[in-house]
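Hi,

Here is the structure I promised to pass on. Have a look at it first, and then read my notes below.

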Amino acid sequence: MSLSLQSPLSSALSSKSYSLQKGGGGGRLKLLSGSLSSNAIFLKLHNPSFPQIRASSLDAGASTELDAVSSFSEIVPDTVVFDDFQKFPPTAATVSSSLLLGICSLPDTIFRSAVDTALADSGCSGLENDALRLSCFANKALVNVGGDLSKMVPGRVSTEVDARLAYDTHGIIRKVHDLLKLYNEIDVPHERLLFKIPSTWQGIEASRLLESEGIQTHLTFVYSFAQAAAAAQAGASVIQIFVGRLRDWSRNHSDDPEIEAALKRGEDPGLALATKVYNYIHKYGYKSKLMAAAVRNKQDLFSLLGVDYIIAPLKVLQSLKESITTPDEKYSFVRRLSSHSAVAYSFSEEELIKWDQLSLASAMGPASVELLAAGLDGYVDQAKRVEELFAKIWPPPNV
């Protein structure tokens with residue numbers, strides 16, 4: 001049940017606005033507007049008792065495309081409306097600045113009390129420095145909402161780390177420790193948590209240090225092989241690639257060597273990157289799981305079968321659910337990514353180096369530089385808007 005709604009992006013690169021409110025049926029949530037592409041992430045813990053996305057049962061010999069593709073990859077919705085719980089069961093959630101903005105946009109939402117409680121926190125309100133006080137409120141609000149979400153979903157809750165710290169390794173680590181301490185206070189186990197960090201070199205290094213402490217990290221805004229390989233070497237639990245955004249960039253730009261090479265081979269640049277990264281992770285035994293996001297249509301999804309996680313738009317999931325497949329159909333679903341494909345994939349010596357800050361900076365082309373910057377701008381804007389809003393509404397009434 002992702003609510004982010006992160007994914008950030010008000011544009012193709014930042015979260016779109018949306019609101020959550022109680023529906024007529026017992027306080028269920030409804031997504032009022034916008035889609036949560038990038039911030040909405042769902043990760044399922046490895047437990048067979050957790051719900052998986054499956055279509056309703058059909059007669060023997062017939063199934064749906066959703067059933068077929070779900071046998072290859074964990075298919076998760078990029079947005080989930082509580083009213084559709086039975087249709088597309090959520091497995092986990094993301095809590096972010098964009099989610100807080102959505103919660104605050106309407107007074108009648110089941111998460112509003114979590115925000116009001118944060119704004120009434122005496123420890124935060126007692127801080128004399130305005131910036132520190134607002135940051136404290138934001139941390140408390142993220143964790144309070146994340147705690148509520150952890151009771152609603154069986155999987156992990158991913159918490160966005162302030163993007164203003166994207167180039168400050170120790171700042172990221174301190175922020176994660178602060179958030180983790182707050183989660184400890186409300187008894188949310190470490191294994192239920194992920195911390196979402198931008199894939200700058202400083203973010204990747206923070207991920208390495210946090211993972212060494214047993215803290216799970218999720219690296220986002222990955223748009224180049226160099227970023228992904230460095231993230232895998234750092235031991236990041238999850239690496240997220242936005243395949244559709246790379247395609248969009250390539251349609252209006254040029255001169256990126258990685259993208260130009262893919263186009264010259266007749267490949268889609270986003271799908272090519274996801275394939276390469278998957279094979280790298282699995283060929284060399286890294287623990288990271290790969291998440292493919294910004295999947296725009298069924299063909300994208302079919303081309304990624306076998307990847308660990310695929311975030312799919314609701315319209316794509318609905319189409320898959322409504323499409324019936326039979327044993328004698330001409331089209332057969334094929335695993336595109338596997339341990340076999342990984343072993344057979346060849347990498348150049350330049351790609352198999354131990355990545356460091358200098359080599360990463362040298363290898364990131366225009367696409368990854370520009371898309372990373374755009375994603376960070378969106379996250380930073382949302383974080384500032386949350387603090388500006390909290391400054392206006394603090395202290396909350398009747399608390």
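When I say that two residues touch, I mean a contact with heavy atoms within 4.5 Å. With that in mind, Asp 300 touches Arg 247, Leu 271 and Val 295, leaving out residues up to four places away in sequence.

Some ground rules before the rest. This is a predicted model, where local features need pLDDT of at least 70 and side-chain atom pairs count only at pLDDT 80 or more, while totals for chains, interfaces and linings use all residues. Residues are numbered from 1 along each chain as its sequence is written, and side-chain values use heavy atoms, with hydrogens and water left out.

Back to Asp 300, which you'll find in helix 12 (helices are DSSP runs of H or I with at least four residues, strands are runs of E with at least two, and both are numbered from the N terminus). Asp 300 counts as buried because its relative accessibility is 4% (buried is under 20% relative accessible area, exposed is over 50%, and partly exposed is in between, using a 1.4 Å probe and protein chains only). Its side chain makes a polar contact of 2.6 Å with the side chain of Arg 247. A polar contact here is a pair of N or O atoms within 3.5 Å; within protein, one must be able to donate a hydrogen and the other to accept it, and residues adjacent in sequence count only if both atoms are side-chain atoms.

Next, some strands. Strand 10 (residues 289–293) has 4 of its 5 residues buried, so the rest of the structure largely encloses it. Strand 9 (residues 238–242) runs parallel to strand 10, joined to it by 5 bridges (strands pair if DSSP finds at least two bridges between them). In that pairing, Ile 239 stands opposite Leu 290. Strand 10 also pairs in the parallel sense with strand 11 (residues 309–312), over 2 bridges, and there Met 291 is opposite Tyr 309. To get from strand 10 to strand 11, the chain passes through helix 12 (residues 298–303) in a right-handed β-α-β crossover. Right-handed means that, with the strands pointing away from you, the path from the first strand over the helix to the second runs clockwise.

Now the rings. How many aromatic pairs does a search of the whole structure find? There are 13. Rings of Phe, Tyr and Trp (its six-membered ring) pair if their centres lie within 6.5 Å; planes under 30 degrees apart are stacked, over 60 edge-to-face, and the rest tilted. One of the pairs is Phe 137 with Trp 394, which is tilted, at 5.6 Å centre to centre and 45 degrees between the planes. These two are 257 residues apart, with Phe 137 in helix 5 (residues 130–150) and Trp 394 in the segment after helix 16 (366–393). Phe 137 is buried, at 0% relative accessible area, whereas Trp 394 is partly exposed at 29%. Ring pairs also link Phe 225, Tyr 280, Tyr 284, Tyr 286, Tyr 345 and Phe 347 into a cluster.

Last, take a look at Ser 323, in the loop between helix 13 (314–322) and strand 12 (324–325). At 19% relative accessibility, Ser 323 counts as buried. A polar atom of its side chain lies 2.8 Å from the backbone oxygen of Ser 319. Ser 323 and Asp 67 are 256 residues apart in sequence, yet their C-alpha atoms are 10.0 Å apart in space.

Cheers
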